[in-house]
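Hello,

Below is the structure I said I would hand over. My notes on it follow.

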Amino acid sequence: MTTRLGTTITKKIMEEQRQFPGAKGDFSGMLYELVVALKVIAYEVNKAGLMNILGQAGTTNIQGEIQQKLDVFANTTIIHKMDHTGYLCGMASEEVDDYIPIPDRHPQGGKYVLLFDPLDGSSNIDVNVSIGSIFSIFKKKSTGPKCAAEDFLQPGNQMIAAGYAVYGSSTMFVYSTGLGVHGFTLDPGVGEFILSHPNIKSPKKGGIYSVNEGNRIFWDDKTKKMVDYFVSDDKATGRPYSSRYIGSLVADFHRNLTKGGIFMYPPDKRSPQGKLRLMYEAIPLAFIAEQAGGQAVDATGKRILDIVPTALHQRTALYIGSNDDVETAKKFLV
Ligand code: P6P
């Protein structure tokens with residue numbers, strides 16, 4: 001519905017559902033539930049400083065990373081919100097070793113799988129810097145009521161929807177079902193996401209580059225030359241670019257999505273495969289970037305959405321953002 005508030009996310013999801021002939025509302029219902037889970041996480045994140053929910057949880061995740069209390073909270077919130085909806089046959093989380101089947105006590109036979117990073121940018125949680133949640137949604141491919149590994153290891157070009165929440169100066173929800181990228185801002189007074197950034201398109205060429213320069217000594221020469229290009233003096237091509245790096249992928253990505261620019265996480269001596277995770281970081285953001293007119297490639301210049309995954313938590317290098325800036329980066333990769 002459109003009220004004095006503007007277009008609610010419910011209205012936008014329904015509008016989009018009508019563009020999919022034969023849609024019965026399962027996907028829409030699933031997205032509604034996911035949005036509620038993200039609102040709960042936003043509420044906790046925004047008052048974290050006032051509660052005993054900051055700091056470390058005293059556990060580590062599959063990645064070997066020390067879990068923050070909010071990491072565990074966000075992960076549990078999404079799992080418990082989504083596992084009994086009947087829409088999913090399984091889930092996969094950055095925080096959990098293997099995929100998460102739907103418990104037998106809950107409705108079975110869901111048509112979708114959900115993969116997510118429940119709280120990305122954990123190192124920034126306790127210092128009040130923007131963090132986010134990222135998700136990918138695929139259609140179940142395997143036969144039978146339960147999901148199988150093949151349902152989770154699909155290339156991004158099979159994805160049906162992706163998005164993220166960014167918990168910053170305001171809470172935003174950005175998603176795409178393949179019909180463009182739409183951004184919603186949470187009205188905390190009403191508790192509803194209102195359409196604030198319809199049909200986001202990234203500038204074809206930006207003026208920002210985002211990379212952790214502290215890793216320079218671990219880079220190969222191609223990477224050093226690429227980054228040096230963006231900071232060389234050449235007015236005709238708008239260089240030097242400005243450096244902006246928050247250390248929260250969602251926040252860095254969201255800024256570049258709207259303002260234009262390129263985010264790079266190259267492979268290096270410490271992370272030869274790259275640091276970021278393919279299934280629930282690179283692929284969903286690549287889907288969004290392409291829907292907004294940008295692109296995303298790995299260290300070989302290959303389209304992220306065409307990578308055929310072989311492992312749930314596999315990592316990748318990532319060069320993502322404005323079309324022309326990623327095109328420039330590709331020239332240094334080959
Ligand atoms: P570095 C956060 O831990 C994260 O996974 C992404 O959100 C972020 O882009 C990246 O790692 C930052 O890594 O090595 O620059 O601290």
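Valine 129 counts as partly exposed, because its relative accessibility is 30%. Please keep in mind that this is a predicted model. The residue lies in the loop that links strand E7 (112-120) with strand E8 (131-139). Together with Val127 and Ile246, Val129 makes up a nonpolar patch on the surface, and the accessible area of the three together is about 210 Å².

Of the nine residues of E8, eight are buried, so the strand is largely enclosed by the rest of the structure. E8 pairs with E7 through seven bridges, and the two run antiparallel; tyrosine 112 stands opposite lysine 139 of E8. E8 also pairs with strand E9 (residues 161-167), again over seven bridges and in the antiparallel sense. In that pairing, isoleucine 131 stands opposite tyrosine 167 of E9.

These strands belong to an open sheet of eight strands with mixed pairing, in the order E6-E5-E7-E8-E9-E10-E11-E12. Strand E6 (100-101) and E12 stand at the edges; each has a single partner strand, so one side of each is left without a neighbour in the sheet. At the E6 end, strand E5 (residues 88-93) is joined to E6 by two bridges, and the two run antiparallel. There, glycine 90 has proline 101 in E6 as its bridge partner.

At the other end come two hairpins:

- Strand E10 (residues 171-176) and strand E11 (residues 182-187) run antiparallel and are joined by four bridges. Tyrosine 175 stands opposite histidine 182 in E11. Five residues lie between the two strands of this hairpin, and glycine 178 in the turn has a positive phi of about 100°.
- E11 and strand E12 (residues 192-197) also run antiparallel, with five bridges between them. Threonine 185 has isoleucine 194 in E12 as its bridge partner. Four residues separate the strands of this hairpin, and glycine 191 in the turn has a positive phi of about 75°.

How many residues does the largest nonpolar core have, and which of them have the most contacts inside it? The core has 41 residues, and those with the most contacts inside it are Tyr164, Leu257, Ile304 and Leu318. Helix H7 (residues 278-291) supplies the largest share of this core, ten residues. As background, nonpolar side chains in soluble globular proteins tend to be buried together.

Last, helix H6 (residues 249-259). Nine of its eleven residues are buried, so H6 is largely enclosed by the rest of the structure. The buried residues in H6 are Leu249, Val250, Ala251, Asp252, Phe253, His254, Arg255, Asn256 and Leu257. Just after H6, glycine 260 takes a positive phi of about 95°.

Regards

Definitions and conventions. Residues are numbered from 1 along each chain as its sequence is written. This is a predicted model: local features need pLDDT of at least 70, side-chain atom pairs count only at pLDDT 80 or more; totals for chains, interfaces and linings use all residues. Side-chain values use heavy atoms; hydrogens and water are left out. Patches are made of residues with over 30% relative accessible area and no salt bridge: like charges are joined within 9 Å, nonpolar side chains (Val, Leu, Ile, Met, Phe, Trp, Tyr) within 5 Å. Accessible areas come from the Shrake-Rupley method with a 1.4 Å probe; for residues, only the protein chains shown count as cover. A salt bridge is a side-chain nitrogen of Lys or Arg within 4 Å of a carboxyl oxygen of Asp or Glu. Buried means under 20% relative accessible area, exposed over 50%, partly exposed in between (1.4 Å probe, protein chains only). Two strands pair if DSSP finds at least two bridges between them. A nonpolar core is a set of buried Ala, Val, Leu, Ile, Met, Phe, Trp, Tyr and Cys residues joined through side-chain atoms within 4.5 Å.
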